[in-house]
Amino acid sequence: LSSPSGLTHESHRKDVEQVYLRCSEGSIEWMYPTGALIVNLRPNISPASYRHLTVCIKPFKDSAGANIYLEKTGELKLLVRDGDRSPSRVYCFGYDQGGLFVEATPQQDISRKITGFQYELMSKGIAADLHTASAPCRPCSDTEVLLAVCTSDFVIRGSIQNVTNEAEEQESIIHVGVNKLYRQKSKVFQLTGESGNWRGQIKTLLECGVRPGDGDFLFTGRMHFGEARLGCAPRFKDFQRMYKEAKDKGLNPCEIGPD
């Protein structure tokens with residue numbers, strides 16, 4: 001978390017401050033913005049790998065007081081306009097497309113403004129999984145399911161308890177009852193209540209039209225800005241079939257107990 005403050009530059013409204021961030025994910029909170037910030041993302045990996053990275057930013061819901069640009073060799077491309085209230089909007093670009101330039105907008109009272117956003121650095125392959133523009137709701141092939149089991153941030157067997165649709169954010173929240181937890185990167189799925197049942201929430205696009213239904217599914221997906229995002233989710237009986245077929249042929253990319 002980086003939290004610069006514009007009040008220290010009150011007499012120099014045109015100042016440009018450099019911020020260097022080494023973590024692969026985190027957040028920026030710029031209090032009382034004046035002047036501008038250049039945000040340099042320098043993850044602790046080989047510079048030769050930078051070109052394989054995608055940067056995603058997600059502005060805080062109450063972020064205000066500055067425009068956020070993508071900057072490369074002096075050219076600015078507007079990413080987020082001050083006052084844009086698009087809920088949960090995520091902006092992604094290739095690391096080699098430029099850096100972030102955050103410029104304060106003129107304000108009568110800067111003490112009421114805080115500009116902030118979360119950021120994530122990820123491989124371009126993972127980013128493509130999260131933002132499949134062509135067919136985000138397309139069912140996964142057998143090969144894609146088996147690969148998702150090996151590479152996803154979470155893999156669970158569970159049922160859909162309920163679905164909450166959020167029209168404003170164009171998202172659906174799937175409330176999942178967990179029957180078996182194979183893997184989770186973050187503690188999204190936890191024991192709840194005296195019954196000792198595992199529960200959790202997974203988000204997906206509203207346009208995918210997820211509905212509550214009977215039976216178990218194999219839910220896979222990735223963590224994105226602290227939220228579980230749905231990847232492949234075949235019915236569990238279909239996963240058992242494809243897993244057995246691949247195992248019999250010696251083609252399953254990794255081992256996982258299907259029962």
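Predicted model: local features only at pLDDT ≥ 70, side-chain atom pairs only at ≥ 80, totals over all residues.
1. Helix packing. Two packed helices are described by the angle between their axes and the distance between the axes. Here helix α2, residues 142-151, packs against helix α3, residues 236-248. The angle is about 90° and the axes are 10 Å apart. Angles of 65 to 115 degrees count as roughly perpendicular, and α2 and α3 are therefore roughly perpendicular to each other.

2. The residues that meet. On the α2 side, the contact is made by Asp-142, Val-145, Leu-146 and Val-149. Their counterparts in α3 are Phe-239, Arg-241, Met-242, Tyr-243 and Ala-246. Sorted by class, this contact has seven nonpolar residues, two charged ones and no polar ones.

3. The buried side of α2. Which residues of α2 are buried? They are Val-145, Leu-146, Ala-148 and Val-149. These residues lie on the same side of α2, because the arc they cover around the axis is only 155°. An α-helix has 3.6 residues a turn, so residues three or four places apart point the same way.

4. What covers that side. The cover over the buried residues of α2 includes helix α3. It also includes the strands β10 (154-166), β11 (171-184) and β14 (217-224).

5. Cys-150. This residue also belongs to helix α2. Is Cys-150 buried, partly exposed or exposed? Its relative accessible area is 24%. Buried means under 20% and exposed means over 50%, so Cys-150 counts as partly exposed.

6. Contacts of Cys-150. With neighbours within four places in sequence left aside, Cys-150 is in contact with Arg-183, Pro-253 and Cys-254. Pro-253 is 103 residues away from Cys-150 in sequence. In space, the two are 7.1 Å apart, C-alpha to C-alpha.

7. Strands of a sheet pair through backbone hydrogen bonds, either parallel or antiparallel. In this model, four strands form an open sheet with antiparallel pairing, in the order β2-β9-β4-β7. The edges are β2 (25-31) and β7 (91-94). Each edge strand has a single partner strand, so one side of each is left without a neighbour in the sheet. On average, neighbouring strands of this sheet are turned by 20° against each other, direction ignored.

8. The pair β4 and β7. Strand β4, residues 53-59, pairs with β7 in the antiparallel sense. How many bridges join them? There are four bridges. Cys-56 has Cys-92 in β7 as its bridge partner.

Methods
Residues numbered from 1 in each chain as written. Heavy atoms only, no water. Axes fitted to C-alpha atoms, helices over the stretch in contact; angles between N-to-C directions. Helix = DSSP H or I, 4+ residues; strand = E, 2+ residues; numbered from the N terminus. Parallel < 35°, antiparallel > 145°, perpendicular 65-115°, else oblique. Contact = heavy atoms within 4.5 Å. Nonpolar A, V, L, I, M, F, W, Y, C, P; charged D, E, K, R; others polar. Buried < 20%, exposed > 50% of the residue type's maximum accessible area, 1.4 Å probe, protein only. Arc of directions from axis to C-beta. Pairing = 2+ DSSP bridges.
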